[in-house]
Amino acid sequence: MPCWPRPTRQLMDDVLTLNGIPLGWNIDWGLTDWNVPPGVFTQQGTWMEALVAIASAAVGYLIPHPSDQSIRVRHRYPVASWEWSAVTPDFVLPVDAVARESLRWLEKPGYNCVFVSGQDVGVLGQVTRAGTQYVDRIRVVREKGDTIIKEVPVYVPVQADAACTINRGFVRLHDAAAAGDLPEPAGDADAAAAEIALSAVAGAVADNYQTCHENAEQLRALQAWVRAGISNQVIDLSR
């Protein structure tokens, strides 16, 4: 192979060349092209196996022409699955040809990114799906909450702890509200100090708010996932 970067389309032309002489096959390239660094692509076997390896690197496949010496290279999934609802299909199956149709729900993790790297050379890159703002929002909410909690001693210093007394009634009322229960009737003992610092209360409140915001973003993401829907359709065709 050449000692300089080559587009994948030209790599196929190289595969179909023997001692500088073309084998007579044409490539109808339908994938997104990219440059391959020198010395990266190596393949042993037939020229067809080499073509399959190049196409498979981009999740593509080969379609030999039935009569001409031409090979079409196409994406296995030309359109991302989350965009299928807005795409006009290339082929529509006649209703009379369908013997059975069924749907099966598949629940899978909502992954939104992949890591792509070269095997021997190259870099490691993270590719995140555009539009997955909810995953990023949850991360931002968590980072902001952690920062706020770390700042509690700055905003509620030891002087504030010494100047403010947290009574037992406050603690019981707070814990009951957090648990969603009604508190027990108040008593004289509720007026006594609870030996809990004001800064500890501020930290607990900040942590609770952080959890609430995370749950809210997770709920929004779940609602969007349900609206999108994930299903597997099976169709049997009659002959």
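User: Where does Glu195 lie?

Analyst: Helices (H or I, at least four residues) and strands (E, at least two) are DSSP runs, numbered from the N terminus. Glu195 lies in the loop between H6 and helix H7 (198-228). This is a predicted model, in which local features need pLDDT of at least 70 and side-chain atom pairs count only at pLDDT 80 or more, while totals for chains, interfaces and linings use all residues. Residues are numbered from 1 along each chain as its sequence is written, and side-chain values use heavy atoms, with hydrogens and water left out.

User: Is Glu195 buried or exposed, and what phi does Glu195 have?

Analyst: Buried means under 20% relative accessible area, exposed over 50%, and partly exposed in between (1.4 Å probe, protein chains only). With a relative accessible area of 81%, Glu195 is exposed. Its phi is positive, about 60°, although Glu195 is not a glycine. Asn19 is also not a glycine and has a positive phi of about 55°. Asn19 sits in the loop between strand S2 (17-18) and S3, and is exposed at a relative accessible area of 75%.

User: How should I read helix H6, and which of its residues are buried?

Analyst: The expected span of a helix is 1.5 Å times one less than its number of residues. Helix H6 (residues 168-179) has 12 residues and reaches 17 Å from its first C-alpha to its last, close to the expected 16 Å. Within H6, Gly169, Val171 and Ala176 are buried. They lie on the same side of H6 because they cover an arc of only 160° around the axis, the arc being that of the directions from the helix axis to the C-beta atoms. Exposed Ala177 and Ala178 are carried by the face turned away from the buried side of H6. Just after H6, Gly180 takes a positive phi of about 75°.

User: Which residues is Arg172 in contact with?

Analyst: Contact means heavy atoms within 4.5 Å. Arg172, found in helix H6, is in contact with Glu184, Pro185, Ala186 and Asp190, leaving aside its neighbours within four places in sequence. The C-alpha atoms of Arg172 and Asp190 are separated by 8.2 Å, and these residues are 18 apart along the chain. Arg172 counts as partly exposed, at 32% relative accessibility.

User: Which residues are buried in H2, and why do they line one face of the helix?

Analyst: An α-helix has 3.6 residues a turn, so residues three or four places apart point the same way. In H2, the buried residues are Ala50, Leu51, Ile54 and Ala55. Seen down the axis of H2, they fall within an arc of 135°, so they line one face of the helix. H1, strand S6 (60-64) and S7 are among what covers these buried residues.

User: How is a nonpolar core to be read, and which residues of the largest one touch the most other members?

Analyst: In soluble globular proteins, nonpolar side chains tend to be buried together. A nonpolar core is a set of buried Ala, Val, Leu, Ile, Met, Phe, Trp, Tyr and Cys residues joined through side-chain atoms within 4.5 Å. The largest here has 17 residues, of which Met12, Ile27, Phe41, Leu51, Leu62 and Val73 touch the most other members. Helix H1 (8-15), strand S4 (26-29), helix H2 (47-56) and strand S7 (70-75) each supply at least two residues; the largest share, 4 residues, comes from H2. Not counting residues up to four places away in sequence, Leu62 touches Met12, Met48, Leu51, Val52, Ala55, Ile71, Arg72 and Val73.

User: How many aromatic pairs does a search of the whole structure find?

Analyst: A pair of aromatic rings is described by the distance of the centres and the angle of the planes. Rings of Phe, Tyr and Trp (its six-membered ring) pair if their centres lie within 6.5 Å; planes under 30 degrees apart count as stacked, over 60 as edge-to-face and the rest as tilted. The search finds 1 aromatic pair. Trp25 and Trp47 form this tilted pair, at 5.7 Å centre to centre and 45° between the planes. Trp25 lies in the loop between strand S3 (21-22) and S4 and Trp47 in helix H2, so the pair ties together parts that are 22 residues apart in sequence. Trp25 is partly exposed, with a relative accessible area of 27%, and Trp47 is partly exposed at 30%.
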